[in-house]
Amino acid sequence: FAQYSNQRPQQRRDKPAPFIQKPITFEKNVLPFGDHYKCFISYKIPFKNLLFTKAGNNYKAGLNILFTIKKEDELYKRESTNKSIVVEDYKFTESGKDFLQGLISLDLKEGNYTIIPELKLTNINSNYRLKPIKIEINSESEFSVLKPIVISSQKAKCGDGSDFRLINHEGVIPFGLTNETLLFALQNNEIDEIDVEVLQKDEIIVSDKLEYLGTKKILIEDCDNNIVLKESENGSKLKLYSLNNFSHLLKEGMVSIKISGDELEEEFVKNVGWFDRPRSLSNDEFAARLLRYIANDREIDKVLDGPKEEFKKRLFEFWEKYDPDSETPFNEAMDEFYRRADFCLDEYSTPSNRNGAKTDRGKIYIKYGKPDNVERSYNESNNILEIWSYENLGKRFVFVDNTGLGNFSLVKG
């Protein structure tokens, strides 16, 4: 379709999508500390799921989480954590892409634990009991190699330096073009080289050696609303290895990571998820019907026909011909198309037409993207005119609002 653009339209409000539709997510990471273990439970909640109140010229929100910890079904202890956030601009209070993040550290011995979080939002009297978190600590079977941690490719500034920033999303690897890192930690100092294989649906995606980062004492900390892996004299001494430049090769779904070397053999299973998936893709038929702006009925019927569970596969196959980089599973053109649709749902919906993607302005925006220039004026009947110009395409579209209710109709273009 015309004018693929790297620019993403601003959205007033994101409807939750897969992998961020939960009101709050938790990630658990366990590190050995002498005769016990530290369990770091980090959380992440979108700003739009908090209740912000005016605080001077700013807006403030917060939460409290009480963790009830049971060991072998018996009460072990209770711990709690508090966190607050202040933003200057009201638009951030409705953001689904900005998060309040926090962390609690629990000292645990070997055994099976059930941790029950209870959430209370600041300015709300109700408490919310959340899904239990299961933790099994068995040093003989689980801690020769610690569970890999998903790390952002961009480090976080923390104090005087910068540290590895956890994605902090239940251990899910983001689907997309950003190249995130998997960090592996070993207690065994005798192992030097580690081989790695990454497989999806029995296909080898990566076969390489892990990069050795050195032996370091590390902790997981909350630093300026980021969860970071930080060197500390009080940290756990571990050999660190990383797997880099691989996540852009992965499809959505489960991935198997096998590591081996010097009598070491471990396998981990991770999930790959599209965190900021356009919400227009949440309804199969709606997503397919939007294709009418760039496809004929026969092509659309081909996408819609067939088993429902294979719809996603058929839709991705349709978009293959538009993919600017067929070497990666993530299709930038498809992503851009449905983000444009999301923008239209927010910006061009009216009381008489709640589907902004079906409006005349929506149709043009989805097909051609954001106009280079938008002008407003009045015609001889004192109706509002909106003129969109696409300089590179040599196109100009004129819309008129005859009702004064935002129902713009295309009159020229």
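Trainee: What should I know about the numbering and the source of the values?
Mentor: This is a predicted model, where local features need pLDDT of at least 70 and side-chain atom pairs count only at pLDDT 80 or more, while totals for chains, interfaces and linings use all residues. Residues are numbered from 1 along each chain as its sequence is written, and side-chain values use heavy atoms, with hydrogens and water left out.

Trainee: Which residues is L243 in contact with, leaving aside neighbours within four places in sequence?
Mentor: Contact means heavy atoms within 4.5 Å. With those neighbours set aside, the list for L243 is E180, T181, L182, F184, V196, V198, V206 and L210.

Trainee: Which residue in β19 is the bridge partner of F184?
Mentor: Strands are DSSP runs of E with at least two residues, helices are runs of H or I with at least four, and both are numbered from the N terminus. Two strands pair if DSSP finds at least two bridges between them. Strands β14 (181-186) and β19 (236-243) pair in the antiparallel sense over five bridges. In β19, F184 has as its bridge partner Y241.

Trainee: Which strands stand at the edges of the seven-strand open sheet?
Mentor: The order is β10-β14-β19-β17-β18-β12-β11, with antiparallel pairing. Two of these strands have a single partner each, so one side of each is left without a neighbour in the sheet; they are β10 and β11.

Trainee: How far apart in sequence are the parts that C158 and C223 tie together?
Mentor: The structure holds one disulfide (cysteine sulfur atoms within 2.5 Å), and C158 and C223 form it with their sulfur atoms 2.1 Å apart. The link is right-handed, with 120 degrees about the S-S bond. Both ends are buried, C158 at 5% relative accessible area and C223 at 11%. Because C158 lies in β11 and C223 in β17, the pair ties together parts separated in sequence by 65 residues.

Trainee: Is R340 buried or exposed?
Mentor: R340 is found in helix α5, and its side chain reaches the backbone oxygen of I366 at 3.1 Å. Since its relative accessibility is 1%, R340 counts as buried.

Trainee: What is the relative accessible area of L51?
Mentor: L51 lies in the loop between β2 (36-46) and β3 (53-55). Not counting residues up to four places away in sequence, L51 touches K60, A61, T122, N123 and I124. L51 is partly exposed because its relative accessible area is 34%.

Notes:
Buried means under 20% relative accessible area, exposed over 50%, partly exposed in between (1.4 Å probe, protein chains only). A polar contact is a pair of N or O atoms within 3.5 Å; within protein, one must be able to donate a hydrogen and the other to accept it, and residues adjacent in sequence count only if both atoms are side-chain atoms.
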